[in-house]
Amino acid sequence: MQFGKQPGQRRFPWLPRRQKALPHPFPSSSLSRFALSAPSSLSCPHLALASTPSSPSPRLSAMLRAISCCFGGFTDPVDDRDVSQQTPISLYQQTHPPAAQQSQPPVSEQTQDVVAQSADTQTQTQTPVSQQPKFPPPPDPFGPWLHPVECLINTARDEPDALLINTYENGTSERLSYLQVWKQAYSIAQALKALPGWNDDGHEAIGTFCEAESSWAIGSLAVWMLGKKTLNLALNLPPAARGALCERHAIKYILHHYTKPGRTEGVTLIDAATFPVLDSIPSPSLDVCEPLDEFVAYLGTSGTTGIPKTYAYSHKSTRMARTLIGIPCCSSAICQSPSFSATLGSLLCNLNLKGSVWFPEPIPNTVDKVKSIIKMFDDGVWNVYMTPSFMKMVISVAQTQNPKVKWNEMRKIGLGSELVPPSIVQNVRRVFPKADIQIFYASSESVLLGAASFLNYPASVTMIPDKLVYRLAKPGVRCILFDEEGNIVDQKVSKSGVLGFAVDKDHPIKDHPSFVSANPNDKLASFGFLEDGSPRVCTMDWVEMVGEKEFTVVGRFDQKIKVNGVYVDLNALEELVYKHMPDTIKDCTFVQTSEKEIVMLYVVRKGSGFKVTPSEMIRRTEELFTLENVAKFPIHNVFELYQFPFNDSGKRDLKKLRRFAEHAKYFGESVIYPTLDIVNTPLSRTAAKISTLGSQIIDNPALDGRNYYIGGVGFDSLSVGRLALAIKDELDVEISPMILLSNGMTPLDVAQLVVDILDDKPMIPPTVHLAAEAAKLDDASVTTEGLPPFVYPKDPRGIVLTGATGFLGAFLVFELAHKFPRAKIYCLVRAKDEQEAVERIISTAQKLVLDPSQRAFLDHNLKSRLVGLCGNLSKNKWGLSDERWKEISEETDMIVHNGAEVHWLFDYDRLKGPNVLGTATALRLATTHHLKPLHYISTIGTIPMAKKADKPLEEKIYSAWNISGGYGQTKWVSEQLVNKARSRGVPVTIIRPAVIAGDSQYGVSNSDDYIWRYVKGCIQLGVAPSYATLVTMTMDPVDHVAKVVAEIAGSEESLSKFVFHISDSEHSVLSETKLFEIVNAFGWPVLFETREKFKYILSTNPLFDQNALSPLMHMMMDMSFKLDNANTRSIYPTPCPSTVLIAKKCLSYLNHAHFLPNPIQPSSELKDDEYPEVSIFTRTGRN
């Protein structure tokens, strides 16, 4: 099930159409308080807190007090959860459970000030944690910490115009005040409450699948208003893991907007951003909310080793981070997806500071996203946290636009989650001259001990040293070093080694499962114990100790490799390339493969003109290292990338980079495929997703982001089957592996198919609320009350037939006359008198029914039984006189309502009179004088978005009304009226034909049908979108349809079956490819192209009216579906004739009638001698 945007509704209903920018929330001149930005990602290997390289100031001591309080020790073992993936903001969350669960107060100010002293003044003896003095926590300068909904309510009530959200999602800044967000969140909450099963026992969490976007923030507030939790699902989570999390937390609904998750069993997807804002919204108050839950979310690990572990997250867990940010009305940029705890923490903190959160444009193209972030910086956001890799890219892109760029409004810059090179910090200082720079270090293993280290450069520090010295903040934690074998290093002998942290042997953390299950034989394991029993962690970072608790990080231990007996630091090599080749190399890294080979991956700076062969690149790099006195070692291979891959947290995707390096010698040919032009459109996003899925399946990351030929990069029958399954899981579209392997198919071609199938917006959406329209037009007097008991008319005296001069109607006249040989056929026709009405019926029949036996039947039997009714479907009683109305009410026993005005481009209001009001009149006639069975001829187009069905569509009434086109919409409303009458006992059936093709004997066709106009347009263009297409057509010959209707009308059993589909998926289906193969065989040369290329040809052909052909192509896709017709087969089991034969006969007829142009090389199957005199027939009578 998919809830989504309703017709005529704006894409972002909560955004103002035009609004003056709200004033900046806080004057920059008053920014004197030191603050710390909350860092990110649940999967960061290096995080951080901060300190100055000089002796501590009172401000630093205050910050240290907050840091120590945030990252204090445990009194009880923490929960069993994965600690390998944590964030800086979660350091407090992990080490401090909610207040009700704590038994040990924070460390005192006096103790914390000791930590801030220079390392050379500290004593070598440390007091065990258990013996440290305990003091009450200092008062919070910002007042009590509140639930996020309370914050929203208070500020929306007291300062309604204060800025809460500044989003760049539409390319420009659009601002939402606290009151606007309250109105939108309240509206969404009311819509969510109305969902089925919302209040079921055990339903306590709602999934979100969002990028950093305003709809996530507003949707989360709506969920919290209702007293439930959110589960922020990672965008890159495999479908199986996503499904397991939804099952674990009984998730029934997932909120999404820009990025739609794949199919998840038992879960309904809801685009909450499209719920309209209610007209009546109460003032902000807790009284209109459900009881609020302290635990607002479930947070999870990254799931890199399987299904993520999750734990309940209290909003109070972030309260100390507010102190670290420390700026009232702070504006914070959110650049990472909500699956990372820092994003959630930033929202909670800023709500408690009466601040605002700023969101960039959620675009998959990294460079374009960077440009959106640059807009936020230009507009004066104050606080941002980024990985150094992403910050480097932001600065690089900004400097290509303006080499002298500076952002003077920025007040806080947080860097972490990766090794922070000094060169990047120096660049940050140049472009953010007035910002405090906080650099965080807290390895994923050290989080469990609260071993946080940090470095702070206030805005007054303009010179950044070449070495960054971190200081450990937490009392009771000591730094230790390991050598390459995992032995403890005596720091009196050597100051370098692998960094570790240890605590007192009696520390309660010793009972945590990560320590209990540690491998005692692995001396460099992440968790373990020292010989004296002290719990210790190993960070695998190579450092040099500067003091007892001060160190510089050299790099990851696995990046410090031994070559020819000499250690080489690969991180240092990267820094050398940046330093000496900044004008040509934008990014680079060195990786040692599993075969001990060194591979250099690099990105050339755009516009530099740098173009060298791999061997020349190796030579230049090795010469540079020789000049810099780097120990000689071989670079075995180099590989140029278009850009470095990033994960959702903004870090370099190290796993993908390693795969590049491991397979570099095999990837050379991959770069010949062009890169996808990734923009913020469904087609582009889908193509990028398919490109990624394919590259993962065949383990070739060089293909990721490229528009490669699927059949030419190594897919076989097994792997392409996996790709088809992945597309089904992620995009909920089933595409045959044979189509994927078709010659020339690319991710972009497949994406066009997927987007066309998934497009749930009607091409011509409803202009009115169709369900309300049906309820308004329902006539309660159409009932069985007061009428004689119903007896089914096996041998009716008279039959009322509407639409007798239409294409199907002409054949129905004959079939009804044959089925009921004693019945008079009363035909409603627009004419000046009854004689003219009968003449029109006979004239139409003679044009369309060419069978000599039928013509003889017309002359010798049927003419005498025809009765003309001069009328109009739009008028009351069809425009009949009271006497005529009374006559047919009393003398007829059956109604076949086939009449309607057909036009594919008219809207509902234009067609309402004849199509809807005419049906209402037919129902009144069926319940006047005596009950008469009404057989309503509808259309398969009343089934909403049938093309998305993955199984045959059932013969039933459909309540959804996202129907395209006024004709289908009027038929849907009419079906609802018929169904309502049936509920009151009226005998009715609904018969739904699909495409009604030419007759099975001569192929006499209605040239007004969109299918033949589509074929004609493709013949004129010389191209058809029939290559590797999923499109099929469901069609039946008109004489077969008429026979089926007559059989249903003659069966009393039909009333209990009610709904009938004439077509079936086995006999009535013709593929688009087969149709145009027949067109080619008949002599019309048509080139087969993919839908994506066909659209391009159409858009670039100035001589062709694309406005006519493009909608017809979409209609073909909309009508591509499977049908169940069990009800029909139970009454008329004979299937329709071969669709291939029918298509050939129709094309022959349309050629003979000069509707189609003359073929260049006519086929022998195009015979003129078998036709009598014919002329073009259209529904509207146009030639």
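Glu159 counts as partly exposed, at 35% relative accessibility; partly exposed sits between buried (under 20% relative accessible area) and exposed (over 50%), using a 1.4 Å probe and protein chains only. What you're looking at is a predicted model, where local features need pLDDT of at least 70 and side-chain atom pairs count only at pLDDT 80 or more, while totals for chains, interfaces and linings use all residues. Residues are numbered from 1 along each chain as its sequence is written, and side-chain values use heavy atoms, with hydrogens and water left out.

Back to Glu159: its side chain meets that of Lys354 in a salt bridge (3.1 Å, N to O). A salt bridge here is a side-chain nitrogen of Lys or Arg within 4 Å of a carboxyl oxygen of Asp or Glu. Glu159 is in the loop between helix H4 (148-158) and E2, and Lys354 is in the loop between helix H9 (341-352) and strand E11 (356-359), so the pair ties together parts that are 195 residues apart in sequence. Helices (H or I, at least four residues) and strands (E, at least two) are DSSP runs, numbered from the N terminus.

The whole structure has 34 salt bridges. Here are three of them:

| Pair | N to O distance |
|---|---|
| Glu159 and Lys354 | 3.1 Å |
| Lys776 and Glu773 | 3.4 Å |
| Arg1129 and Asp1124 | 4.0 Å |

Lys776 and Glu773 are three residues apart in helix H21 (residues 770-777), so about one helical turn separates them. Are these two buried or exposed? Lys776 is exposed at 57%, whereas Glu773 is buried at 7%.

Now for the hairpin. Strand E2 (residues 163-167) runs antiparallel to E3, and four bridges join them; strands pair if DSSP finds at least two bridges between them. Six residues lie between E2 and E3, and Gly171 in the turn has a positive phi of about 100°. In a regular strand, side chains alternate between the two faces of the sheet. Strand E3 (residues 174-177) is covered on both faces: Glu174 and Leu176 are buried on one side, Arg175 and Ser177 on the other.

Further along, three strands make an open sheet with mixed pairing, in the order E33-E35-E37. Its edge strands, E33 (995-997) and E37 (1069-1071), each pair on one side only. Strand E35 (residues 1032-1037) pairs with E37 in the antiparallel sense over three bridges, and Met1033 has Leu1070 in E37 as its bridge partner.
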